[in-house]
Amino acid sequence: MIPSPAPTFTVGPPPRHFALRIALLFCAPLIVNGFAMPYFPVWLSTLSLSDFEIGVVLALPMFVRVFTAPLAGVLADRLGERTIVLIWSGCLSFATAIVLFFAPSFWPILLIYTLQSAVYSPYLPIVEAIALSGVRRWGFDYAQMRVWGSIAFIGATMIGGWLIGLIGGAMVLPAMAAAFGLTILMAIAAPRVGRPRRPSPITALTEPPPQSLRQTDLQLLLVGVTLVNSSHAMLFAFSAIYWQQIGYSGMQIGALWSAGVAAEVLMFFFARAIVRRFSVWTMIFSGCLLAVVRWLIFPMDLGFSGYFVLQCLHAFTYAIMHTGMQHKLVERVAEEQEASAQGLYFFYTGIFTAIFTFLSGYFYAWFGVNGFYSMSVVALLGSCFAFAGWYLRPQRLAAAAGKTS
């Protein structure tokens with residue numbers, strides 16, 4: 001999907017079964033996410049927490065991990081072996097998952113879940129970094145390893161939906177704890193590749209961005225795309241609660257969540273052909289504008305099939321827009337500044353998503369499902385920033401200057 005230079009091979013063979021072990025390593029944290037993202041808010045609602053309190057519990061950890069992930073990334077990059085941080089992350093996350101069983105009310109839950117987010121935050125980025133080391137050193141195919149994580153996410157959401165229908169929200173904490181236990185086992189089995197040749201993207205957040213990333217048009221585009229990404233906040237926080245309230249079964253809710261991820265995977269699969277056929281700007285703006293439409297339509301009485309189709313728009317509102325943004329970063333940022341570019345992308349996405357997850361608690365409490373209209377406003381604002389980035393791009397300004405001279 002993303003153009004890259006020819007891989008640099010190291011002397012000596014890769015660790016045994018590297019691709020298989022990385023594929024399994026991707027599966028573990030995405031199984032956690034497959035249970036937590038759709039169904040942790042459902043568990044919170046069973047405790048009679050208000051919509052505002054649910055928004056706070058989901059938002060505060062997002063703020064925290066924006067800062068804890070880079071610090072853990074620095075530690076992982078400086079250690080002789082990054083899997084040490086993976087093992088500690090998995091163990092501490094599992095411990096907090098057990099403690100959550102004994103959290104009876106809002107404040108203990110907020111404290112423990114925030115701590116869990118802090119210790120879990122570096123896990124998936126470090127897995128990504130180890131996988132990319134294999135791509136650079138030995139030429140492994142990143143997509144073939146990463147896709148199994150997405151498949152695991154789909155499987156977890158479907159199993160979670162079945163369990164929600166069977167025993168209700170009580171299934172969430174045991175499922176999350178079991179999945180965190182799996183992250184420990186997979187971290188122990190992870191391939192050891194030694195010290196990284198390049199810093200991880202999250203590590204780059206601890207340093208000021210290079211000059212190329214401070215260009216006005218690129219900053220505007222980054223802000224625009226990440227605002228559109230953050231417009232998904234209410235979907236992540238309250239969609240499962242809403243679908244449960246209107247009578248959908250756990251399996252139906254799992255199917256709706258899986259539809260979005262499956263559409264995203266398919267779009268990534270065909271991304272190379274799409275890039276050859278359409279411009280990067282077309283990809284970015286199609287995602288921006290369809291996000292506006294998606295949240296305008298969401299409050300309507302669509303029925304299960306309508307929501308299923310709407311969920312498939314995730315292929316555009318995230319996957320194709322994200323692919324276009326990555327191509328634009330490759331085009332505008334030097335290879336040695338790659339980590340800084342990805343780190344800044346991570347930072348903007350994390351901060352904006354945290355802000356709008358917090359606000360979605362208010363919007364959903366005040367307006368119910370009509371609160372999704374506010375996410376359409378966020379997506380429209382992001383579209384305007386992205387358009388400003390396009391308008392101020394150097395090629396257009398140079399062409400305009402040439403016509404007037």
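User: Let's start with a helix pair. At what angle do helix α1 and helix α7 pack?

Analyst: Helix α1 (residues 18–46) packs with helix α7 (residues 172–188) at an angle of about 165°, and their axes are 9 Å apart. Axes are lines fitted to C-alpha atoms, for helices over the stretch in contact, and angles run from 0 to 180 degrees between N-to-C directions. That angle makes α1 roughly antiparallel to α7; angles under 35 degrees count as roughly parallel, over 145 as roughly antiparallel, 65 to 115 as roughly perpendicular and the rest as oblique. This is a predicted model, in which local features need pLDDT of at least 70, side-chain atom pairs count only at pLDDT 80 or more, and totals for chains, interfaces and linings use all residues. Residues are numbered from 1 along each chain as its sequence is written, and side-chain values use heavy atoms, without hydrogens and water.

User: Which residues of α1 and α7 make the contact?

Analyst: On the α1 side they include Leu24, Leu25, Ala28, Phe35 and Trp43, and on the α7 side they include Val172, Met176, Phe180 and Thr183. Contact means heavy atoms within 4.5 Å. The residues of this contact of α1 with α7 come to 20 nonpolar, one polar and no charged. Here Ala, Val, Leu, Ile, Met, Phe, Trp, Tyr, Cys and Pro count as nonpolar, Asp, Glu, Lys and Arg as charged, and the others, Gly among them, as polar.

User: How many residues of α7 are buried?

Analyst: In α7, 12 of the 17 residues are buried, so the helix is largely enclosed by the rest of the structure. Buried means under 20% relative accessible area, exposed over 50% and partly exposed in between (1.4 Å probe, protein chains only). Among the buried ones are Leu173, Ala177, Gly181 and Ile184. The buried residues of α7 pack against α1, α3 (83–100), α4 (106–120), α5 (123–138) and α6 (142–167).

User: How far apart are the end C-alpha atoms of α7?

Analyst: They are 25 Å apart, which agrees with the 24 Å that its 17 residues should span at 1.5 Å a residue. The expected span is 1.5 Å times one less than the number of residues.

User: Let's move to α4. Is Gln116 buried or exposed?

Analyst: Gln116, which lies in helix α4, is buried, with a relative accessible area of 3%. Leaving out residues up to four places away in sequence, Gln116 touches Ser93, Thr96, Ala97, Leu100, Met176 and Phe180.

User: And α5, which of its residues are buried?

Analyst: Tyr123, Ile126, Val127, Ala129, Ile130, Ala131, Ser133, Gly134, Arg137 and Trp138 are the buried residues of α5. This helix has 16 residues and reaches 23 Å from its first C-alpha to its last, close to the 22 Å expected at 1.5 Å a residue. Leu124 also sits in α5. Its C-alpha is 8.3 Å from that of Leu30, although Leu124 and Leu30 are 94 residues apart in sequence. Not counting residues up to four places away in sequence, Leu124 touches Phe26, Pro29, Leu30 and Asn33. Just after α5, Gly139 takes a positive phi of about 80°.

User: What about His17, is it buried or exposed?

Analyst: His17 counts as exposed, at 52% relative accessibility. Found in the segment before α1, His17 has a positive phi of about 50° although it is not a glycine. Ser48, in the loop between α1 and α2 (51–78), is not a glycine either and has a positive phi of about 65°. At 66% relative accessibility, Ser48 counts as exposed.

User: Another pair, please. At what angle do helix α8 and helix α12 pack?

Analyst: Helix α8 (residues 216–230) and helix α12 (residues 280–297) pack at about 40°, their axes 10 Å apart, and are therefore oblique to each other. Leu221, Val225 and Val228 of α8 make the contact with Trp281, Ile284, Gly287, Cys288 and Ala291 of α12. By class, those residues are seven nonpolar, one polar and no charged.

User: Last one: how many helices and strands does the protein have?

Analyst: The protein has 17 helices and zero strands. Helices (H or I, at least four residues) and strands (E, at least two) are DSSP runs, numbered from the N terminus. Of the 405 residues in the protein, 55% are buried. Among contacts between residues at least 6 apart in sequence, 87% join residues at least 24 apart.
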